[in-house]
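Hello,

Here is the structure I promised to pass on to you. Have a look at it first, and then read on for what turned up in it.

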Amino acid sequence: MPGGCSRGPAAGDGRLRLARLALVLLGWVSSSSLTSSAPSTSSASFLASAVSAQPPLPGQCPQPCECSEAARTVKCVNRNLTEVPADLPPYVRNLFLTGNQLAVLPAGAFARRPPLADLATLNLSGSSLEKVCAGAFEHLPSLRQLDLSHNPLVNLSAFAFSGSNASFSAPSPLVELMLNHIVPPDDGLRNRSFEGMVAAALRAGQALRGLWRLELASNHFLYLPRDLLAQLPGLRHLDLHNNSLVSLTYVSFRNLTHLESLHLEDNALKVLHNGTLAELQSLPHVRVFLDNNPWVCDCHMADMVAWLKETEVVQGKARLTCAFPEKMRNRALLELNSSHLDCDPILPPSLQTSYVFLGIVLALIGAIFLLVLYLNRKGIKKWMHNIRDACRDHMEGYHYRYEINADPRLTNLSSNSDV
């Protein structure tokens, strides 16, 4: 199982050339033996086994796959393949490699001679991919749809879609990219956030500026990086449903002027703030889906409620309901007004009882303290007078020393008296 990114399909081409050379040599030997005598049974069987062992010629179907030349489709599904077949027919337009054990997709994994010039749909979902190297999808000039879903991706190169050098690579022809349900590994090898890894691959060299559809569902995203969508001006469909997004504050939709659908269902959104509302309202064709989010109906929700009542971009807005606080649960957002939305803390009954009991205890302690002070008022008064007299005597001593030090005559008198 290759572990790096350098191994490509060149080895398969070399094996094919060697097999052909062996067949030529075998044919020459057999023809020369035919001129002298009839071939033996053993040499004939050897030649037959050599012919049957050779790789299929270009245009034929790889042995573990199912091919349909009429439909221009090759299916290598659930075959436990550890690398991309080297002998794919050049007519293939739709390639399914799902349910395999690829693990690593190296650079130039689909480079062939003749090239796979018509390959438009590539499905690699559920193939145990952990690493996609830079330039893995080079030499596929017609690739339009790519599905990498349901793979435990640990390392998605920033140049996976743009080539090994984004500065000199042509833009990717991709129109649809699916990265749904990227399963984290169980051994703790996920050393960086998947959010940042995806953002780096989407913005590298503006390779995906022609992308129309991006699916990032079921990835447990807590946030969206600020520049995740910055290099995708042609995006029309963005699917972020079934994540754990708590806010959209840091992501901008401003440059997605062609966006037609934005799926945000089944996240952890509590409120949409004014900046996000203004951006969504400015997109001329967008339809937004916000179902099944735990909306918090307090004073911070007032702007969103007003926006919902006016806008037409939110699909099924009548279904949106409050999840918190408890008294507002299941209330439709469109039925709320400013009098329903407040930010007063609402304590549960058990906590309210605790605070009442604490107040009674503190009041009792204060009353006992005041009673002790009252009963000892004479002693406290005498103690205060003693402190006052001691302070006065001490200050008079300081005053006397100051007068002696300030008057030289008193200083001399004091010296003579000492003599």
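This is a predicted model: local features need pLDDT of at least 70, side-chain atom pairs count only at pLDDT 80 or more; totals for chains, interfaces and linings use all residues.

The ends of residues 60-94, taken at their C-alpha atoms, are 15 Å apart, and this span is 0% helix and 20% strand. Helices (H or I, at least four residues) and strands (E, at least two) are DSSP runs, numbered from the N terminus.

Residues are numbered from 1 along each chain as its sequence is written, and side-chain values use heavy atoms, with hydrogens and water left out.

Now for the chain as a whole. There are 8 helices and 16 strands in it. Of its 419 residues, 36% count as buried (under 20% relative accessible area with a 1.4 Å probe, protein chains only; exposed is over 50%, partly exposed in between).

What lies inside? The largest nonpolar core has 83 residues, and Phe 110, Leu 124 and Phe 137 have the most contacts inside it. Such a core is a set of buried Ala, Val, Leu, Ile, Met, Phe, Trp, Tyr and Cys residues joined through side-chain atoms within 4.5 Å. Helices H3 (194-203), H4 (274-282) and H5 (302-310) each supply at least two residues of this core, and H3 gives the largest share, 6 residues. Beyond its neighbours within four places in sequence, Leu 124 is in contact (heavy atoms within 4.5 Å) with residues including Phe 110, Phe 137 and Asp 147.

Some backbone details are worth a look too. Most residues other than glycine have a negative phi, and most peptide bonds are trans. A cis peptide bond joins Arg 113 and Pro 114, with omega about 0°, and another cis bond joins Phe 324 and Pro 325, with omega about -10°. Pro 114 sits in the loop between strands S4 (104-105) and S5 (121-123). His 139 has a positive phi, near 70°, and is partly exposed, with a relative accessible area of 47%.

Best wishes
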